[in-house]
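Hi,

Here is the structure I promised to pass on. Have a look, and my notes follow below.

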Amino acid sequence: MTPPLQALNLPSFIEYIIIDANFRLTHLASHTVSHCHANLNINDDVRNAFQELVGIEQITQRILAHQQPGFTLQEVIHYSSQQPDSGIYLTLNLQRLDEQHLIIFIEDVTETALLRQALVQRVNETELLLNALQLSENYNRRIISSMGDALFTINASGDLKTINTAALTLFGYGEAELKNQPLATLFQNQIPASISPESILKNPTLENYEVTCHTKQGNSIIVSFSCSFVHSKENDLPIFIYIGRDITARKKAEQKINQALAQEKELNDLKSRFIAMTSHEFKNPLSSILMSVELLEEFADHWTLEKRMTHLKRIRQCTTQMNDLLEDILVLGKADTGKLEFQPRPLDLGNFCQELTEELQFLAGDRHAITLHLQSPLAPTYALDEKLLRQMLVNLITNAVKYSPQGGVVDFRVAVEGESLWFEVQDQGIGIPESDQPRLFECFHRSHNVRDIKGTGLGLSIVKQAVELHGGTIAFRSAIDQGTTFEVHLPLHLTPWNS
Amino acid sequence: MGTISKKICMVGDFGVGKTSLIRRFVEREFSDRYLSTVGVKISRKVIPLTPDLERNLDTLKLLIWDLEGQTKFKAITPSYLHGSESILVVADVTRQETIDNIQNHIQLFLGINPKGSIAIALNKIDLLDSDEQSYLKESIHSTFTTTVGAYFTSAKTGENVDTIFNAIAQKMVP
């Protein structure tokens, strides 16, 4: 039975259908949903046309039994057979009409649903995009963070923008301390030209540039940088990328290796020079001795006494020469092994110097004049190791004579200067080239300008050892072809005799 | 022989591929283009059954409700779930939060139909490489207790799509 519809007093634009408890259509408003359900007839099961009603039988029973006020299904899309591609959205609202009937109000909400769809589409797309971006950013950030190498980027103004964990650790800063700060912060306020943005723009693939950086703690570290740049998509401005590796430890190790290699080379050179010098220095006198001995064996009976004596004298000279050389080597050997000892005894220095000068003048001959200048009054005795002092002064004075081949004056000055004895030996000889001066006291080192002047390169080494055993210092000044001056200071406070 | 109609709801967060799974299952098609669903769209798929002379049944008409996905701003409308014997909860394996929300969707459904059947589609499996798939399968498979099971699906390749729908259908027609 059709319920009294007039009693509902529904406006004519409201669309509805009335169904019984078995979903059979009992009434429909004449204008209702004809555009999508043209074949809906009285007594039809409305669930064929409204599939959304399938499965809600229990709910309709509850509504009819007053156990539930109503039920709404919102925005269910329906496609008409006439327009299968464009659906309409319907909202169904089920209400109890009487104990046998339900009225279903049908509202076409297509317009609002489509508007909402456009909005939801935009919001969801944005959300998906953000999600993808975040994933990508997290992925990239994790890679950058996990890098062992330092990575940072700067903008065209040189301000730091991205700094990875390794870079922060390397330079000892927190991210907030470096972000937007000038790159120069890492280089004591001066970006090295080799890795400046200008250089990177000229050469976009700068690789392995070693520069010194400074940490927050003020330590210097050597970092090998590879640099490049990209253009930001938004404004085409360049972004400079720096990837750096701390090579400080490697550099220090290299430096040590190089030093060790240099030392080894030096030792090898020394050995070579020693072998060359000793073989040369021994070979000549030995040859002379051998020759004289052979001649004496062969012709001694026929020679005059004078001639025999000449050869014997030569043998003696050569033997003395070799003995002197051996003495020098022994002195240095002792010094090297710490066996050369400073044994001071009271010494009359004035007398010692006087006798030494006379002795050496005799050996030097007439072309040289060795002049002793005692420039201050001397005490009767000083505690000095006579043997070492002699080695020192003999070497200095004979060198002065030897390296003044044209002859001339050698000034030997002695004075007391405060708490030390001062000795000066000055010649007007060939001088020492500047390039040889740093190595002058090294064993076997001889200046380049000695030409054929004989020598072993041991004399000044012995002098230095002797000075140092006295606790003194030695210095020199020299100019080519103008002469050389050696100055020695020996302290007087080392022994009780001097106090 | 007759047909029985059954309602199943697809639930899950937005953009996880609910519409795409239905499209693959019903129309055998797939599109990469994302088109958000608002409200609900009901699709039909007739599945042949082993003829049951006693109940005079040989086909199942599956009414698949494609529900608007849950967003931050809008939860799933519970009224759609009334009358549904089962749900297929869909998550996107590339978005962890959609997997985290599976349990909430299940609870919502069980609140309305405590005896309902539940299947889980961990969708878009094609977007993971083999290592990621292995890891996910190891870590996730035992997490959910469902009546039908959890399947790694791909609407794009069709992987496990028919399998999961057929598994649900079998559950609905015992």
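Let me start with one pair: A:Leu421 has A:Leu490 in E17(A) as its bridge partner. Strands here are DSSP runs of E with at least two residues, helices are runs of H or I with at least four, and both are numbered from the N terminus. Strand E15 (residues 420–426) of chain A and strand E17 (residues 483–491) of chain A run antiparallel, joined by 7 bridges; two strands pair if DSSP finds at least two bridges between them.

Before going on: this is a predicted model, where local features need pLDDT of at least 70 and side-chain atom pairs count only at pLDDT 80 or more, while totals for chains, interfaces and linings use all residues. Residues are numbered from 1 along each chain as its sequence is written, and chains are lettered from A and ligands numbered from 1 in the order in which they are written.

Both strands belong to an open sheet of 5 strands in chain A, with the order E12-E14-E15-E17-E16 and mixed pairing. Its edge strands, each pairing on one side only, are E12 (368–374) and E16 (473–479) of chain A.

Then the helices. H8 (residues 349–364) and H9 (residues 386–402) of chain A have axes that come within 11 Å and cross at roughly 40° (axes are lines fitted to C-alpha atoms, for helices over the stretch in contact, with angles from 0 to 180 degrees between N-to-C directions).

Cheers
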